[in-house]
Amino acid sequence: MRAQVFRAGQVANRGPHLFSSLRHPSTLSRRCLATTHDVPSAHNVDLASRTPPYPKLLARLEEVRRVLGSSRPLTLAEKILYSHLESPEESLLSNTNNGRDIRGQANLKLKPDRVAMQDASAQMALLQFMSCGLPSTAVPASIHCDHMVVGQNGADADLPISIKENKEVFDFLESAAKKYGIEFWPPGAGIIHQSVLENYSAPGLMMLGTDSHSPNAGGLGAIVIGVGGADAVDALVDAPWELKAPKILGVKLVGELSGWTSPKDVILSLAGQLTVRGGTGYIIEYFGPGVQTLSCTGMATICNMGAEVGATTSLFPFSPAHIPYLNATHRGPIAQAASDIAKLPMQRNLLRADPEAVYDKVITINLSELEPHINGPFTPDLSTPLSKFKSVVEEKDWPRTFGAGLIGSCTNSSYQDMTRSEELVKQASAAGLKPKADFFITPGSEQIRATLDRDNTLSTFSAAGGTVLANACGPCIGQWTRTDGIKKGEANAILTSYNRNFPGRNDGNRATMNFLASPELITAMAYSGETTFNPMTDSIPTPSGTPFKFSPPKGSDLPSSGFATGNPAFLPTPGIPDPTVNVLVSPTSTRLALLDPFPPFPPTELTSLRVLYKVKGQCTTDTISAAGPWLKYKGHLPNISENTLIGAVNAATDEVNTAYDIDGTQSSIPALAKRWRDKGQEWLVVAEHNYGEGSAREHAALQPRFLGGRIILAKSFARIHETNLKKQGIVPLTFANEADYDLLDACDEVATRGLLDVLRSGGQGEVEILLKKGGRETVVRTRHTLSRDQAGFVLAGSALNLLAIKGGRGEVEKSG
């Protein structure tokens, strides 16, 4: 890693530094970023670049039928995936018993149609892309500035501060986007997943997104997979992206939702059934008559949280609800093309599963019998039906009150979600009630915000005492400072309609219990301020003394007057490359740093590794690379590496972020890792199940590699993180016998046997860990999932090293 760092230059004339109220966006004429541009009309976009290549996909599906045989039934996920293969014959017939055993066996080499990146992960993705020396991206791509915007005092106060504090990064992202022809959505435009649903997702599309909740777009019938930045670079440089062929989990929906039950409850209930590991290695494909009863945005909510069960992605088949949503978001031609394809005979039908399609597992959910659920705390799969939640709170001695109710976010800020919540606020306001918990509302996009503003939904929330936050991630990812007096370490509860609730994620306090629920349930509960309140059965006393009981919420799937465009300054730059734009480099930045290649794998076994840390229990990507205030260093690997594993629990002492050197010296985990790296001591981490669950952040792989990590030895891995490790040259191994976890301790010396042969043979063979302890050597057998290409990544030092060799290393201008 070089000390040189870069800053986007003044690549165009800039307008005055103006920022005014989001509620009066007409006065905001310019964005205070690196460049200015002619803002496109919402109705005047390059629709061709946003339309899946349907003729090509239909031709490829015909080729897949030829390779596998025309009588072979396919699921919807298989149709879309296989139609994006670079070479169907190579991927489907290699190592698959001549195509009979594809799922879980085949290495699919895929050519996605599009890439989307959020601002925190886009920094590293662009740094890697730039090193490949290409003039533009090979596929359409977009950048969405949503992660580095705080949510605290309201959009009008928070957004200008966030832009000012992150100006250098936003400047870089926008200027790089202009140079390489990437559409750039500025801070305030919306959360990546909502913007993708409104603009880019389409039935039959395949897309990579540098965020674990990218499968949100599956609600519109697309295959969208969350990946790390290095995976996104594969698509950006036109290299095939490799995926182990997933198994297919079918979820059959019957019946129809009613009353208090919402689409959020479908996935909250399913998470309880599957657990955070139950979807690993699977695509979740929804089918059945219940699908026809759901809104497009409701389906997106369900797909969004497939990440919480470890699924590769989730998707719904083409549905009647897709047509009005596509039309309402100015994509009528795509709606018509998809409708035509959905009517084709099944042999050529890309958008529906074959009737005889076989799923590896099937779970049936009766929507008519489903009740609202609340999930948590500390894990999204601890699922409790609302009718039982009060007794569980009392049994577990969880807090009886909660300090904040937060609704919206990428998961639940649709027009349907917000109008159902608004209807409850109107009921309570008519009864003279005010929320007893702090109440925050996060619109998912400028389109949603402007529409809710026009239709007076936001004013209803504000009049009730709610705070409308910026169109960004905000509290969901830790960009939130509590104002209710809760101290670090103090046990307390919050309720959110978000998707993830790991310890410390929202406010940095590991004692905060975040309970996940639908926005309408949270809205109602905010008026009682009690976790034991059930709005379906309980009443609240009014100022007059009369008991008040909520009626079930009602809302609208789509606005009757159409969506409002909102502030035109929040529309994206055009995706047209401009080679005259310069990306400059300054050696003084603390926010951005150029990447040097990692060294290649040595021509020997790893003979003198030591165990840096033995992790106890859950170890998420938040544990390995915390978000919140650390987001500002996403483009600076040395600086962000200072947070490596700081949330990890020491298996020997139960301490957090406390490591011990060979001589007993105590330090933080990153401090010990740096000390070992600087004296040439490479290391490994020993961990338990589902290591790296959670977000797609590749920093959780980059940071350990930068600090000298070579191996992660765990009981099991989350899919995205396991791939990210390989891309950065770290070898993920799992215990062949999980009980062997107990054999290893921090500072133990180990060596590998067979690893070099496995790498040189393209992933063939087994790896053993030789534990040298107490004067004896113990053999620990392991398993790996290295493919031929992934073995090549490790040998080269990283996937980026190989891409740079193939593309020719690009030069970036430097400034003093």
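**The largest pocket and its setting**

Modeller: Start with a single residue. Asn690 is buried, with a relative accessible area of 3%. Its phi is near 60 degrees, a positive value in a residue other than glycine. Asn690 sits in the loop between strand E26 (683-686) and helix H21 (699-706). Bear in mind that this is a predicted model.

Now the pocket you asked about. The largest pocket has a volume of about 1300 Å³. Its lining is made up of 43 residues. Nearest its centre lie Gly104, Asn107, Lys244, Lys726 and Thr785.

Which domains supply at least three residues each to the lining of the largest pocket? Domain 1 (76-366) and domain 3 (609-807) both do. By class, the lining of the largest pocket holds 10 nonpolar, 20 polar and 13 charged residues.

The lining of the second largest pocket divides into 14 nonpolar, 13 polar and 9 charged residues.

Step back to the whole chain. It has 25 helices and 31 strands. The radius of gyration is 26 Å, close to the 28 Å that the globule rule gives for 816 residues, so the chain is as compact as a globular protein of that length. Its C-alpha atoms fill a box of roughly 80 × 60 × 60 Å along the principal axes. Of the 816 residues, 64% count as buried. Among contacts with a separation of 6 or more, 77% join residues 24 or more positions apart.

Asn456 lies in the loop between helix H15 (446-454) and helix H16 (457-463). Asn456 is partly exposed, with a relative accessible area of 46%, whereas Asn690 is buried at 3%. The other detail is a peptide bond. From Gly376 to Pro377 the bond is cis, with omega near 5 degrees. Pro377 is in the loop between strand E13 (373-375) and strand E14 (383-385).

How values were computed. Residues numbered from 1 in each chain as written. Predicted model: local features only at pLDDT ≥ 70, side-chain atom pairs only at ≥ 80, totals over all residues. Heavy atoms only, no water. 1 Å grid on protein atoms, 1.4 Å probe; cavity = no way out; pocket = protein on both sides within 12 Å on 5 of 7 lines; lining within 4 Å. Points joined across faces, edges and corners; volume = space filled by probe spheres on them. Nonpolar A, V, L, I, M, F, W, Y, C, P; charged D, E, K, R; others polar. Domains from an automatic or database assignment. Helix = DSSP H or I, 4+ residues; strand = E, 2+ residues; numbered from the N terminus. Rg over C-alpha atoms; globule rule 2.2 N^0.38 Å. Buried < 20%, exposed > 50% of the residue type's maximum accessible area, 1.4 Å probe, protein only. Contact = heavy atoms within 4.5 Å.
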